[in-house]
Amino acid sequence: MDLTKEPVNRLIITLAVPAGTAMMFNTLYNVTGTFFAGTISTSAVAGLSMSFLLYLSIVGIGLGFGSALTALIGNSLGAGREFLARIYAAKGVIFVLMFAIVMGTFGFFIAPKLLVFLGANDEFLDEALEYIRVIFLASPFFLLIKSLNGILVALGDTKTYRNWLFYGFFINIAFCFINVKILDLDVGGIAFATASVQFLGAIFLFVKVYKSGMINFSSLKIFLPDARIYAKILKQAVPACLNYLSMSLGGLVLLKFISLYGTSAVAGYGIALRIEQIVVLPTIGIAAAVLSVISRNFGAREYVRVQECYKNALRILLYYCLFACAFCVLCGSYIVRLFDANAQVVYVAQSYLLVNSFAYIGYGVINVSGSALQAVKRPSMVFVLNAIRQLVLQICLYSFVVFVLKGDITYIWRAMFFNVYLIAGCFLLWTIFVLRRAHAASRRTT
């Protein structure tokens with residue numbers, strides 16, 4: 001497909017569907033772990049929920065590097081600089097791999113202190129630690145997959161990752177069943193299953209990237225360290241990584257406050273979060289499509305198409321989020337009971353879905369706007385706004401709710417709702433301003 005010529009609406013849908021489907025299987029992959037943890041005990045679910053946000057931090061860093069490579073490679077291809085695109089691909093993958101090894105080793109040793117700080121108590125600390133230490137050691141596989149997928153997305157290929165996650169979902173079920181039900185490895189078995197699937201996925205995506213010609217071994221010099229290339233990658237990746245980390249830290253802040261309401265509250269939130277992740281996946285697919293289309297058109301100086309892509313993506317987003325909200329309101333409580341029948345766990349999860357489902361449009365605007373800003377090489381404000389939402393406002397709002405109002409857990413969900421729409425409005429206005437300014441600048445130079 002030609003990302004600079006074909007109708008924008010068609011491109012968004014064509015790219016968003018496989019990307020969203022990929023994320024669906026990715027989330028089902030995570031839900032599988034929660035399901036098997038539920039067959040062990042409620043404390044196992046709570047431990048997995050507590051460590052899951054550290055897991056998301058690892059994934060978030062991978063997504064940051066992946067989106068950076070998508071933007072840099074997409075812009076280079078749009079400008080007709082194919083050799084530079086291959087340099088970014090080769091050196092980027094090696095750089096990410098080295099970074100992941102250091103990060104995983106460091107995380108393995110500080111995991112106990114992180115979990116205790118976040119509120120893990122003796123009821124589920126061992127389960128949380130058993131899971132996350134394996135995940136930290138598997139960090140190179142997580143980051144490698146995201147980086148390789150970033151290269152493929154820059155080429156307009158969102159199907160390969162979807163295909164792998166489809167296979168990986170069923171492989172993960174098999175591994176979890178063997179490890180938990182046959183070998184009796186408990187939460188550690190779930191973690192080993194996840195790590196094994198990530199390893200296989202890294203091999204699968206590398207083969208696809210190699211066949212695309214973006215990475216080859218005809219000249220090993222292309223893999224040698226290059227400070228200038230690393231600096232350009234970091235310039236794009238650091239704000240994106242910090243953005244994803246701020247979201248993960250925001251999730252950890254939220255979990256810290258939720259832990260004040262007890263183990264059942266942590267377990268209920270963990271279940272609801274996974275259900276929500278499945279429902280909002282198409283919005284992630286739309287954001288991935290926006291990143292791919294806008295990065296290529298921005299590199300080709302097709303600024304009218306850049307604005308058209310952003311506006312049409314928001315329109316598609318609105319229609320879907322209305323459907324997603326209705327689904328969660330009507331069906332959420334029934335789905336929750338499939339994971340845990342504990343009355344308090346069900347209450348927490350159901351109350352979360354009833355309130356937060358109305359915020360899906362806000363989340364979607366944040367994701368799509370963030371992708372648009374990343375694609376036009378303006379990622380800094382994405383981090384700033386998300387840091388304000390995830391850290392500053394969350395700490396202030398939740399502290400007020402818990403320590404001043406002394407409200408029940410539903411007050412936390414209401415504070416989240418307000419926070420999301422406040423920052424979504426800021427994202428919308430800033431993105432419109434940046435895209436219009438880029439268009440105006442192009443007119444002045446022509």
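The following dialogue discusses how to read several features of a predicted model.

Colleague: Which conventions apply to this model?

Modeller: The model is predicted, local features need pLDDT of at least 70, side-chain atom pairs count only at pLDDT 80 or more, and totals for chains, interfaces and linings use all residues. Residues are numbered from 1 along each chain as its sequence is written, and side-chain values use heavy atoms, with hydrogens and water left out.

Colleague: How many salt bridges are there by the rule?

Modeller: Side chains of opposite charge can pair when their charged atoms come close. A salt bridge is defined as a side-chain nitrogen of Lys or Arg within 4 Å of a carboxyl oxygen of Asp or Glu. The count by this rule is one salt bridge. It joins the side chains of arginine 228 and aspartate 226, with an N to O distance of 3.6 Å.

Colleague: Is arginine 228 buried or exposed, and is aspartate 226 buried or exposed?

Modeller: The classes are buried (under 20% relative accessible area), exposed (over 50%) and partly exposed (in between), with a 1.4 Å probe and protein chains only. Accessible areas come from the Shrake-Rupley method with that 1.4 Å probe, and for residues only the protein chains shown count as cover. Arginine 228 is exposed at 64% relative accessibility, whereas aspartate 226 is buried at 17%.

Colleague: Which residues form the patch of positive charge on the surface?

Modeller: Patches are made of residues with over 30% relative accessible area and no salt bridge; like charges are joined within 9 Å, and nonpolar side chains (Val, Leu, Ile, Met, Phe, Trp, Tyr) within 5 Å. Lys and Arg count as positive and Asp and Glu as negative, while His and the chain ends are not counted. The place of a charge is taken as NZ of Lys, CZ of Arg, CG of Asp or CD of Glu. In this structure the positive patch gathers Arg81, Lys232, Lys235, Lys377, Arg378 and Arg437. Arginine 437 belongs to helix H15 (residues 409-445) and is partly exposed, with a relative accessible area of 42%. Helices here are DSSP runs (H or I, at least four residues), as strands are (E, at least two), numbered from the N terminus.

Colleague: Which residues form the negative surface patch?

Modeller: The negative patch consists of Asp122, Glu123, Asp126, Glu130, Asp184 and Asp186. Glutamate 123 lies in the loop between helix H3 (82-118) and helix H4 (125-137).

Colleague: Which helix gives the most to the nonpolar patch?

Modeller: The nonpolar surface patch, about 560 Å², is made by Phe177, Ile178, Ile182, Leu183, Leu185 and Phe192. Helix H6 (residues 159-182) contributes the most, with three residues. Leucine 183 is in the loop between H6 and helix H7 (186-212), and it is partly exposed at 49% relative accessibility. Threonine 160, also placed in helix H6, is buried at 8% relative accessibility.

Colleague: How many disulfides are counted by the rule?

Modeller: A disulfide is a pair of cysteine sulfur atoms within 2.5 Å. By this rule the count is zero. The sulfur of cysteine 309 is too far for a bond, because the closest cysteine sulfur, in cysteine 321, is 16 Å away. Cysteine 321 is in no disulfide either, with the nearest cysteine sulfur, that of cysteine 325, 8.9 Å away. Cysteine 309 is buried, with a relative accessible area of 0%, and cysteine 321 is buried at 2% relative accessibility.

Colleague: Where is asparagine 312 found?

Modeller: Asparagine 312 is in helix H11 (residues 303-336) and is buried at 9% relative accessibility. Its C-alpha atom is separated by 34 Å from that of isoleucine 229, which is 83 residues apart from asparagine 312 along the chain.
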